[in-house]
Amino acid sequence: MKILKHSEDWILLAKGNANYVYQYNGSDSSLSDKVLRLRMKNQTITTEQVYKFMTETMCHMLPEVVSVELVQVEFMKEGALNEGFGLLMPNILKNMENVKKGNYFAAYSTELDDMSVLEIKPKWLIETSYGCRNCIHHRHKHGVEPLFCSRDLTDRRKIHDVSLKLAHHSTNVQIALEEYLLSENNVFHRIMKLQDPEFTMNGIYSLRDVTEDHCLQMTLRDVTVFLRFDGSSFIEAVVTDVDPKSPLKWDKWVKTEHQLTKQSLG
Ligand SMILES: Nc1ncnc2c1ncn2[C@@H]1O[C@H](COP(=O)(O)OP(=O)(O)OP(=O)(O)O)[C@@H](O)[C@H]1O
Ligand SMILES: [Mg+2]
Ligand SMILES: [Zn+2]
C-alpha cells in the first residue's frame, strides 16, 4: 500500500459534509493527477469501510464509479478523522479554470482547450408519494425554486431545456449533453433503475428497523455524477461520493421525510 508522508503536498480543494478533498501540490509525478479524500472527524464510517463498499459493492452496480486506491496517510489534517488512511482518486477537475459552484451543480471549463466538466447530484430520480423530492427539498431549504429539476435529466420532453440550463456556458456542451441524456442506458437511467420505487421511511421507528437496503438506497440518492466533455464530444461519466451511509442517521432521515411530506401538503 502506498504511504503518504507529507502534509504540505496536499492542498484543500473542496469539502462536503463528510469528506475533505485535497489536490496534490508536490513533486512526485505519479501523484500529480490525483486527489486525496479524507473523512471528517465527525464521521463514524471509516475510509477503509468506504473503500470496501466502493470496490466490493458499488463498482459492480455502476461501472462508472471512480477508481480508488486505499493509501496509508502518515500526517494529520485539521478537522479530519486522522485514522491513518485515505482514498486516492483521479483529479477529475485537473487543469479546470472558471470553476462555478451552484446549489445543485458546478460547471467547469477552460478557455484554452475547450474541456468542460459538469458536476451533478441527481438525488431522488423517482417521484415520491408527496411529489418530486428534489424540488420540494430545495424549496424547503432555500425558499426558492431550484435552477433545474434533476428528474428532468431522465425525461425526454425536458432534456433540451435542462441541457440549456446546465451548459449555459457553451453551445457545444449543450448539444453533447442533450445527445448523452437522450442515449439509452445513460448513467442517470441506471441510477434511477437502482433506486427502489417502493423505498420510504415509513415504518422506521428505531435503529432496529433500518435495513442494509435502506442504507444502500440512501447512498444511491446521494451520489455525484461528473460528465466530461471535449468541445462538442461527450467523453465519460464518472460517479463519485458513493459512501456507505450509517444506519445511525435513521432519525435524521425520518425527520427530513416527515418535514418534506408536511411541506408538500401545506
Ligand atoms: N475525484 C475528484 N476530483 C476532483 N474533485 C473532486 C473529486 N471528488 C470530489 N471532488 C470535489 O470535492 C467535493 C466534495 O467531495 P465529496 O462529494 O466526495 O464530499 P462529501 O463530503 O461526500 O459531499 P456531500 O456532503 O455532498 O456528500 C465535490 O463536490 C467535488 O467538487
Ligand atoms: Mg457524500
Ligand atoms: Zn423536481
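**The helix pair H2 and H7**

Modeller: Happy to! In H2, Arg133, Ile136, His137 and His140 meet Gln259, Leu260, Gln263 and Ser264 of H7; two residues are in contact if their C-beta atoms, placed from the backbone, lie within 7 Å. Sorted by class, this contact holds two nonpolar, five polar and one charged residues. Here Ala, Val, Leu, Ile, Met, Phe, Trp, Tyr, Cys and Pro count as nonpolar, Asp, Glu, Lys and Arg as charged, and the others, Gly among them, as polar.

A word on the source: this is a predicted model, in which local features need pLDDT of at least 70 and side-chain atom pairs count only at pLDDT 80 or more, while totals for chains, interfaces and linings use all residues. Residues are numbered from 1 along each chain as its sequence is written, and chains are lettered from A and ligands numbered from 1 in the order in which they are written.

Back to the pair. Two packed helices are described by the angle between their axes and the distance between the axes. Helix H2 covers residues 133-142 and helix H7 residues 250-265; their axes come within 10 Å and cross at roughly 90°. The axes are lines fitted to C-alpha atoms over the stretch in contact, with angles from 0 to 180 degrees between N-to-C directions. H2 and H7 are therefore roughly perpendicular to each other, a label for angles of 65 to 115 degrees, where under 35 is roughly parallel, over 145 roughly antiparallel and the rest oblique.

Stepping back, the protein chain has seven helices and eleven strands, taken as DSSP runs (H or I, at least four residues, for helices; E, at least two, for strands) numbered from the N terminus. The domain assignment gives domain 1 (3-90) and domain 2 (97-265), with bounds from an automatic or database assignment. Their centres, taken over C-alpha atoms, are separated by 23 Å. Each side brings 13 residues to the contact between the domains. On the domain 1 side, those are ten nonpolar, two polar and one charged.
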